[in-house]
Amino acid sequence: MRTKLNGILTLFLALTIQISFAQEKTLTGNVTDQDGLPLPGVNIVVNGTSNGTQTDFDGNYSIVVSEGQVLVFTYLGLRTTNRTVGSANTINVQMDVDAQALEEVVLVGFGQTSKARLTDNVASIASEQINEIPVPSLQSTLVGKAAGVQITQINGRGEAGIQVRVRGVSTITGSQEPLYVVDGIPIINTDESVNDSPINPLIGINPDDIESIEILKDASSAAIYGARGTNGVVLITTKKGKQGKTTVSLRSSYGVSRATNTREWLNTEEYVELFTEAGLNEGFTEDDVAGFFNIFAENEEDWRDGLVDTDWQDLALVDGEVQDIGVSVSGGNEKTRFFISTGYNKTNTIIRGNRIERYSLRANFDHNVSDRFKIGINSTISKTQISRLSNDNAFATPLQAIAQIPFTRPYTDDGVTPNDGALYYNFLFQEFNADHDANVWRNILNLFGEYQITDNLRFRTEIGYDLNNQVEERFFGSLTEFASTNGFADANSVQNEKYVLNNYFTYDNTFGSVDLNVVGGMSFEQDNRDLQFVEGQDFPSDALQTLNSAGEIVGGGSSRTFFNFLSYFGRANATIFGKYLLKASVRVDGSSRFGEDKRYGTFPAFSGGWIVSEENFLKGNRTLSNLKLRASWGLTGNAEIDNFASRTLLGSRTYNQSPGLSITQLGDPELSWEETTQTNFGIDLGFFSNRITASLDYYTKITDGILLDVPVPSTSGVETVVRNSGELENKGLEFVLDTKNIINDKFTWSTSFNIAKNENEVTSLPNDADIISGQNIAREGEPIASFFLVEYAGVDPANGDALFVRNTLLPDGSRDRSTTNNFGEASRVIAGNPFPEVIAGLTNNFTFANFDASFTFQGQWGASIYNNGGRFQSASADFFDNQSRDQLQRWQQPGDITDVPQVRLFGGNGTQASTRYLDEADFIRLRNLTVGYTFPSKITDKLNIQRLRLYFTGVNLLTFTDYNSWDPEATADFNADNSLAAGIEFYSAPPAKTFTFGFNLDF
């Protein structure tokens, strides 16, 4: 009986297992978009389980399922699609555009909205547009991608500061940089360099961790950030995990680089010819000139027979390399999602001695505690090691080596030790007997919790922390410029940390034909900065390079400072009948930086829109698929000034060895932020089911209360006081055109074009007085930082003298256009604008079978650049600096027609600051080019991998310009933070041209 029962049970169990296995099967299919094109990366999940997968590059998928289960297909920007598994073994899906899904695409401050309902001017850049661009800085990946946003790397150094200008310059003395917000947390953007050569504060952020970037350009979008919105706001969203199959991604690339441009300098034969002639022209004999040459030559044969012909530029600009490796893991289920990534970047730049290594780790998690409560963390930590250089205004910086004489040997006979007999300090000692290293630790953390109080109301709290810890150490050995002190060293340590607390409510509801969204909350920020430094000299050995070994500590100190913001904000959006759009926002900011009488400021904004294409007379039109009119007005501020600019400060003084205090700064209790009023009018167009889309915007930005140093009576103990006392205006046009040129199964081609024109004018200054800074001027009625120079008039054909236009004012208000060879008789005039009037970007994307390609051109027009080093580089042989080869075209005899004056050693013939060294900075650059190949699924499936792609990327491959120096964008790094010294070049290294090969591998 027992045996029979066991047999029945065994048979029943076998039958159950067989039926169970019979219900499971492998389902395959293909997913396409509304145009029938394959969709890679679609998330496919069995509803209610963690079983999931993603489509491959061709839109194909495969998943084990059972009949009756429901597959959920999701893709950003497309309508979520459900399919029930039946008896068929194939399910193909076509996904359609979903307006609701598009709401996740455009992020705004403290929320999100759909592009269709957007009434502001916001530029959106997806991760696909910035991936695989081999540059160490996040900002550089955005070049040419957003209308009205000018992004410039100061020079070719890897860590070099990045200047980002959104719709022009709106300040004279304050910061020109936008506010950066990472995952909802405003972050530190302060340069902590010790030598006036800026370090990009965002260099620790790994661009491969970025999901999307939104740039808030008009006041209506930026006013939610109040006192810091004038220069625009950059919202950075990092990648998050998605429900579905866990994906492991590996990326790696390697590239080589060289300077985008090199200049031609005199070789030894040309140098001897030119300078011998220059000496004779000034009354020296050939023996006198030979005596000069012998000072800088090891042997007379070196210059007389041309035995030595050193290319100093070739020593300064070297071949570089870029290596990038990253691994990420992402996935999750209905309860928990995660994204973890690590990255390594090593960049040996094109400038000798300049290197960067960055290590980064990111971990983003979010978890549904319940149906109503969600928590999460977004965190990153990075370490960046930088081998640095002196700033552009130092002979120790490599590019100033081009001033050295070509017949001077760079090294001694051993070929290793630098030669100390050069005309100027030999920069090679910096590599041989000195070090300048910086270590930057960056930690950005955001903890959040979100509770759905009701179906319409939710509350979110965010706690943010940002740490920027930078240590710079310098050592100069006994063979360097500090030989007289037996070496010198210093150490500088900065700890800058920010705490952020955001609390806000979001209310969404529909009342009949009105969709309402309301956000309201508060924010608190505390920014602390501690600095310690020490310096010493007299080292017993060059091998002992830390300050513990210094025989004498010659300086040191520490400081501690802080500032904070307390803010309240609110915003309401209303959509009426799906076509009438209204928005209003307000932010009240309180800042410790400003006067006690002006501690708080209010920043309102309003905008509206009309979706005309939703009206009955246009709805369903096959040609004009979208027509929206927009208008906005708002008030923003610029609070980026010194922490205690509004207060009277005392400094310690010592007299007769007795300590005391004296006034160092006179305060102003009414000191307030610079305020910018901005108006924007826009139109959005779509044609042929939005296959062609365009937008056109016109804006005006008026900034008043500009912070300036205003003179005060000397009896106050100081010369100036900071006050709100200036005004300037920006106005311009922006145009964006996106087209899907060709769409079919085999070939696709899309284009994105943007162009912007901006005009800047200073409209008011204290007492109508000019503000002059070197070759630049701020003058009412002119662009800020206009070039203010004597006008160069060429060369007198009769005698080779440099000529200048007098430009003195005549009684009738005109200017005297006669010329003179006396520089002192000529008046300075407005000669150019350092900021471009027009900037543009053009991107094309292609796919053909498994190949893909893209390229971006950028360009600018209307700017000028002044080569302040030209007074030494192209100076008619005034001193012994090597000269640019165009000086060979000098005047030599009566009747010669040329722009190069007669060469005169120590003669100063045309070397004064004039428009001789001012040039147009127009250019068009092939910013990046990428070509890739993705292996078909029939190959990757056999290798058990999801995706394999090989690619080539080039950066700065071509530059078209008439500028005759290194690069029209490269400017002096020591002027980077000075708005009134814009557009000045001084031995500034060009950017790198980079060729990179890499691969992407997904499991």
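Which residues is Thr247 in contact with, leaving aside its neighbours within four places in sequence? Gln54, Ser328, Val329, Ser330, Gln946, Asp1002 and Phe1003. Contact means heavy atoms within 4.5 Å.

## Basis of the model

This is a predicted model: local features need pLDDT of at least 70, side-chain atom pairs count only at pLDDT 80 or more, and totals for chains, interfaces and linings use all residues. Residues are numbered from 1 along each chain as its sequence is written, and side-chain values use heavy atoms, with hydrogens and water left out.

Thr247 is found in strand β17 (residues 244–259). Helices (H or I, at least four residues) and strands (E, at least two) are DSSP runs, numbered from the N terminus. Thr247 is buried, at a relative accessible area of 8%. Buried means under 20% relative accessible area, exposed over 50%, and partly exposed in between (1.4 Å probe, protein chains only).

Asn573 belongs to strand β26 (residues 552–576). Asn573 is partly exposed, at 23% relative accessibility. Not counting residues up to four places away in sequence, Asn573 touches Asp515, Leu516, Asn517, Leu582 and Lys583. Asn573 and Gly895 are 322 residues apart along the chain, and 74 Å separates their C-alpha atoms.

## Two open sheets

Two strands pair if DSSP finds at least two bridges between them. Strands β13 (residues 179–182) and β16 (residues 233–238) run parallel, joined by four bridges. Val181 has Leu235 in β16 as its bridge partner.

Another open sheet has three strands, in the order β41-β42-β43, with antiparallel pairing. Its edges are β41 (792–795) and β43 (819–820), each with a single partner strand, so one side of each is left without a neighbour in the sheet. Two bridges pair strand β42 (residues 802–805) with β43 in the antiparallel sense. The bridge partner of Val805 in β43 is Thr819.

## Helix α4

Helix α4 (residues 268–281) has 14 residues, which should span 20 Å at 1.5 Å a residue; its end C-alpha atoms are 20 Å apart, which agrees. The expected span is 1.5 Å times one less than the number of residues. Of the 14 residues of α4, 10 are buried, so the helix is largely enclosed by the rest of the structure. Among the buried residues are Tyr271, Val272, Leu274 and Phe275. The cover over the buried residues of α4 includes α5 (286–296) and α6 (300–304).

Asn267 caps the N-terminal end of α4, with a side-chain oxygen 3.2 Å from the backbone nitrogen of Glu269. Just after α4, Gly283 takes a positive phi of about 95°.

## Aromatic rings

The whole structure holds 47 aromatic pairs. Rings of Phe, Tyr and Trp (its six-membered ring) pair if their centres lie within 6.5 Å; planes under 30 degrees apart count as stacked, over 60 as edge-to-face and the rest as tilted. Phe373 and Tyr451 form an edge-to-face pair, 6.1 Å centre to centre with 65° between the planes. This pair links distant parts of the chain: Phe373 is in strand β21 (residues 373–387) and Tyr451 in strand β22 (residues 434–452), 78 residues apart. Phe373 is partly exposed at 31% relative accessibility. Tyr451 is partly exposed too, at 39%.

Ring pairs also link a cluster that includes Tyr271, Phe275, Trp303, Phe407 and Phe906. Two arginines lie over ring faces: Arg228 at 4.4 Å from the ring centre of Phe565, and Arg925 at 4.9 Å from that of Phe923. A charge sits over a ring if NZ of Lys or CZ of Arg is within 6 Å of the ring centre and within 35 degrees of the ring normal.

## Positive phi

Most residues other than glycine have a negative phi. Phe688 has a positive phi, near 55°. Phe688 lies in the loop between β32 (674–687) and β33 (692–704), and is partly exposed at 48% relative accessible area.

Ala785 also has a positive phi, near 60°. Its place is in the loop between β39 (776–778) and β40 (786–790). Ala785 is buried, at 0% relative accessibility.

Definitions and conventions:
A polar contact is a pair of N or O atoms within 3.5 Å; within protein, one must be able to donate a hydrogen and the other to accept it, and residues adjacent in sequence count only if both atoms are side-chain atoms.
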